[in-house]
Amino acid sequence: MEVSFAKEIEKLKLGEGEVFHGEGILAVTKALLQSGVSYIGGYQGAPVSHLLDVMVQAAPQLDDLGIHVESCTNEASAAAMLGASIMYPVRGAVTWKSIVGTNVAADALSNLASPGVMGGALIVLGEDYGEGASVIQERSHAYAMKSTLWLMDPRPNLPSIVNCVERAFELSEASNTPVMMELRIRACHVQGSFEAKDNVKPAISMKQLTGAAPHNYEQLAHPPVTFGHERKKSGERMDAARAYITEHGLNEVFEGSQGEVGLIVQGGLYNALIRALGELGLADASGNCDLPIMALNVVYPLVPDEILSFTKGKRAVLVLEEGQPEYIENEIGTILRRAGSKVTLAGKDVLPMAGEYTSEVIGTGVGTFLRQHLPKIGNQLGDESYASEIEALREEAKALLVEPVPPRPPGFCTGCPERPFFAALKLTQQEIGPVHYSADIGCHAFATFAPFNFGNSILGYGMSLASNASVASFQQQRPIAVMGDGGFWHNGLLSGVTSRLLNGGDGILVIMKNGYTSATGTQEVISSPDTALKLEAAEKSATHGETTIEDALTGVGVKWLRTVHTYKVAEMRDTLREAFKTPFNGLKVIVAEGECQLERQRRIKPIRAKALKAGERVQRTRFGVDEDTCTGDHSCIRLSGCPTLTIKTATDPLKTDPVAHVNNGCVGCGLCGEVSHAATLCPSFWRADIVTNPGLWDRARAALRGMLTGVRA
Ligand SMILES: O=C(O)C(=O)Cc1c[nH]c2ccccc12
């Protein structure tokens, strides 16, 4: 990974009494170091990638702490790390995105949760839920309940987050149970400050080795002791957790003058609630509020005594719980009913079952609740609900815009090496007709949007090939599966390739070998080009010489294998045609190779800057469209989809339609010209080589050209 986290690493080194300022997820990282973890592992994903990215670079600089950092190939391997270290008095932390990563880790999690932990075990979850999310909308809460893992959901401000991380280890140790901490997108990116402590050197670490734990069958997740473990989960471990939570005040109660009602909120939603109450005129920006609020920084398990003491003497309480189903509300309902409480319980009856609880959504729900249960305040909120006020503002904004803003689906970066592959696949499909396309997770998923619109199904990360084993059996044409190199190593090789080979199945797999797990932040994979390859490649793509993927495929027995550079559009089209038409019955794999443009640009920029400074010759390429030649059919745009390829009004008054135009973002990848050539489309593209610090030969050639064009004119 070429991105430098130098500034972030400096913050991780802060000591006792110094003030840390930065974002939530980095505060979590610092808190892990303050908690004396022996290792940090994980798999990247939004919104927690930053934790591991920073630690991968920081570990050598935090050398004296002796903390091991493991960049795992998927979440199962991260969860598995905890499964062994819990047998020692060491603290360990792993991270991944949820819900998808938790699904991948599920088998290891079940085994981890059973035997009971000695050293504290913490899982930092990026709860990717809501309008900014990139995955399926489900809750981690279900995993906490079904595996008996405690779930923290800290109030999104830095001191609370840091406190929760430190307490999480103690809670884990006090109750012999692993702890998960869910952090929504906003909690990961919230900015703030906290007073740092010194980092704690773990007693057992890379620098302080220890011997093997004693063989203790009681602690193996294996029958028959698992039957006893299950009893402990709901018995002594649960009791110990509840006692710890209460004793250390992990959940917070903010008293208010309007004690007849109360709000119980997941800690992570607290800021959105205060914002909503502020909009309703019921709270100030610092959170001072007339309504009593209980913020659950631990959402599983709940502590019945705490719930009963908060609800005591109240007429009604509202539970604010994002997502479905209403696990917390159901649990609170049971607690109240068992205690014979008469308090009215509100929640998903006034708030939506599904979707993000933005302050707007919360404001509407709280308004309804107050009108029903505290009319003296609720009725003052006015007839106009908060939501209809916002709707009116939206309409006003729309009216002020002359035209509606066109939708802008996300797409490939300018110069992305994956785009030309999809141009080639479009060309192939024009010949062979529609085939079932199994999409996957990664940058290539942008091909599901316009202008490519590929994909008949999309499944989990690295599962495209596995998924189409079913349709392959009944499709007239061979289905195609596409995955990235990130997905291939995460799950694709085992779940997809080896399963297909075992079954002797037919099919086509395309692996986008761009050299990194690009969509999650260009982390390295086992097949990332090494420094020597990068140096050799200089400004070119560095993925060509790296053959780990090809070696693995050959090793497991793939017989039909081609590697094609994605920018060779015609060759890719021909290779795809062959894959669809060949009589070879079995798995056919095309490795579509071309280095991630972001990583390539990060390598190129310093090389160019240095050359320019030294007065050396630097050449860059730009493409453009000759307006006179362009007929305005725009096939180039449909086949390329490059964001720099746009349209403009023709200057020729006889041309009524807009012509194609390449704007200044062009990095000279040449796909527009390449596509035009492969499709024999268009002579209107031109290429210009822009030379800075020209040499003698450049000057002589330019002079000669000038003379010749002068003669022609
Ligand atoms: O970072 C993201 O947003 C992802 O969707 C990537 C990802 C990381 N781990 C996963 C497990 C299953 C599916 C997707 C991912």
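Colleague: Which domains does the shell around the ligand draw residues from?

Modeller: In this predicted model, the shell takes at least three residues from domain 1 (6-247) and at least three from domain 3 (419-599). The protein as a whole is divided into these two along with domain 2 (252-401) and domain 4 (619-709).

Colleague: Which residues are closest to the ligand, and how many surround it?

Modeller: The ligand is surrounded by 13 residues, with Gly45, Ala46, Glu75, Lys97 and Ser134 as the closest. By class, six residues of the shell are nonpolar, five are polar and two are charged.

Colleague: Why are Arg186 and Glu356 said to meet in a salt bridge?

Modeller: Their side chains come to 2.4 Å, taken from N to O, and the rule asks for a side-chain nitrogen of Lys or Arg within 4 Å of a carboxyl oxygen of Asp or Glu, so the pair meets it. Between domain 1 and domain 2 the count is four salt bridges, and across that interface 18 residue pairs are found in polar contact, both residues being at pLDDT 80 or more.

Colleague: How many residues of domain 1 and domain 2 are in contact, and what is the area buried between them?

Modeller: In domain 1, 26 residues are in contact with 31 residues of domain 2, while the centres of these domains, taken over C-alpha atoms, are 29 Å apart. The buried area is about 2,500 Å², with 54% of it from carbon and sulfur atoms. On the domain 1 side, Tyr129, Arg139 and Arg155 lose the most area to domain 2, together 28% of what that side buries.

Key: Residues numbered from 1 in each chain as written. Predicted model: local features only at pLDDT ≥ 70, side-chain atom pairs only at ≥ 80, totals over all residues. Heavy atoms only, no water. Near = heavy atom within 4 Å. Nonpolar A, V, L, I, M, F, W, Y, C, P; charged D, E, K, R; others polar. Domains from an automatic or database assignment. Contact = heavy atoms within 4.5 Å. Buried area = accessible area lost by both parts, 1.4 Å probe. Polar contact = N/O pair within 3.5 Å; in protein donor to acceptor, adjacent residues only side chain to side chain.
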